Amino acid sequence: MSAGARRARRVWLIRAAWAVAALAVIVLVLPNAWILAASAGRVSDYGEDGDTAEAPVAIVLGASVWAPGEPSPWLKYRLETAAGLYESGRVDAILVSGDNSRVDYDEPTAMRDYLVGLGVPSEAIALDYAGFDTYDTCVRARSIFGIDKALLVSQSFHLGRAVAVCRSVGVDAYGVGDTRATVDRGRWARNWVRERPAAVKAAWDVITRREPLLGERETSVDEALAFTRARRGG
């Protein structure tokens, strides 16, 4: 190969590398920009100034459960936040949504049991056993449980994506974030970084309208709302 041909090949490779890099940046930046825009003004930290949003239902997004049925620390923080929302009257029902894809692993039941231990009546809690990821939870909240407005409860780094996805499928969503997990700064930082590519999947799910596991309409959220409203005399 001549020197001129080698130079031409080198220039082509450099240009191709730049094109790939530019495409990667676009693919990563655009979904994150969408999340920022869709969640702007809709996410607050629990108990902080500006945390005043109310809704009929709080949706607690699932996270790891340690055997035997013990919520992980970060999931406990979410559940404690949801319990506070319920006791303060900012929500009338709680939907716990998580993974029960295996017989020996059951996030929603562990979440409900922990909430009951915090003093939330079991009758005020509904369970979604097929909330395998954020998109699934949002679609099922609207399609299966009939929720059109909710407070989403998770760690703050996750809530922008959750709010954006839920709004895209018809749930008027606001996020209430737990910040106590920031004490583990290393893990917090890793999860914040992980959220950036997770935005790409979220955008793809929304664009393609991926259909999660669905089924018949459930009335458990309606029953939880009725219980609490009767209890509160509303």
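Biologist: How many bridges join strand β2 to β5, and in which sense do the two run?

Modeller: This is a predicted model, in which local features need pLDDT of at least 70, side-chain atom pairs count only at pLDDT 80 or more, and totals for chains, interfaces and linings use all residues. Residues are numbered from 1 along each chain as its sequence is written, and side-chain values use heavy atoms, with hydrogens and water left out. Strands (E, at least two residues) and helices (H or I, at least four residues) are DSSP runs numbered from the N terminus, and two strands pair if DSSP finds at least two bridges between them. Strand β2 covers residues 57–61, and its link to β5 consists of five bridges, the strands running parallel.

Biologist: Which residue of β5 stands opposite I59, and which residue of β6 stands opposite L95?

Modeller: β5 also pairs with strand β6 (residues 125–128), in the parallel sense and over four bridges. On the β6 side, the residue opposite L95 is A126.

Biologist: Why is strand β5 described as largely enclosed by the rest of the structure?

Modeller: A residue counts as buried under 20% relative accessible area, as exposed over 50%, and as partly exposed in between (1.4 Å probe, protein chains only). In a regular strand the side chains alternate between the two faces of the sheet. In β5, A93, L95 and S97 are buried on one side, and I94 and V96 on the other. The strand (residues 93–97) is largely enclosed because the buried residues number five of five.

Biologist: Which residues does S44 contact, leaving aside its neighbours within four places in sequence?

Modeller: S44 belongs to strand β1 (residues 43–45) and is buried, with a relative accessible area of 16%. Contact means heavy atoms within 4.5 Å. Beyond those neighbours, the contacts of S44 are G50, D51, G175, V176 and G177.

Biologist: Against which elements do the buried residues of helix α3 pack?

Modeller: In α3 (residues 107–117) the buried residues are E107, P108, T109, A110, M111 and L115. The helix is followed by G119, with a positive phi near 105°. The buried residues of α3 pack against β2, β3 (65–66), β4 (70–71), α2, β5 and β6.

Biologist: How are the rings of W74 and F157 arranged: stacked, edge-to-face or tilted?

Modeller: Rings of Phe, Tyr and Trp (its six-membered ring) pair if their centres lie within 6.5 Å; planes under 30 degrees apart count as stacked, over 60 as edge-to-face and the rest as tilted. This rule gives a count of one aromatic pair. The ring centres of W74 and F157 are 5.6 Å apart and their planes stand at 50°, so the pair is tilted.

Biologist: What separation in sequence does the pair of W74 and F157 span?

Modeller: W74 is buried, with a relative accessible area of 8%, and F157 is buried at 10%. W74 lies in helix α2 (residues 73–87) and F157 in helix α5 (residues 156–168), so the pair ties together parts whose separation in sequence is 83 residues.

Biologist: Which tyrosine rings lie under the charged ends of R42 and R232?

Modeller: A charge sits over a ring if NZ of Lys or CZ of Arg is within 6 Å of the ring centre and within 35 degrees of the ring normal. The charged end of R232 is 4.6 Å from the centre of the ring of Y86. That of R42 is 4.4 Å from the centre of its ring. The rings are therefore, for R232, Y86 and, for R42, Y174.

Biologist: Which cysteines form the disulfide, and which helices hold them?

Modeller: The structure holds one disulfide, defined as a pair of cysteine sulfur atoms within 2.5 Å. C138 and C166 form this link, with their sulfur atoms 2.1 Å apart, and both cysteines are buried.
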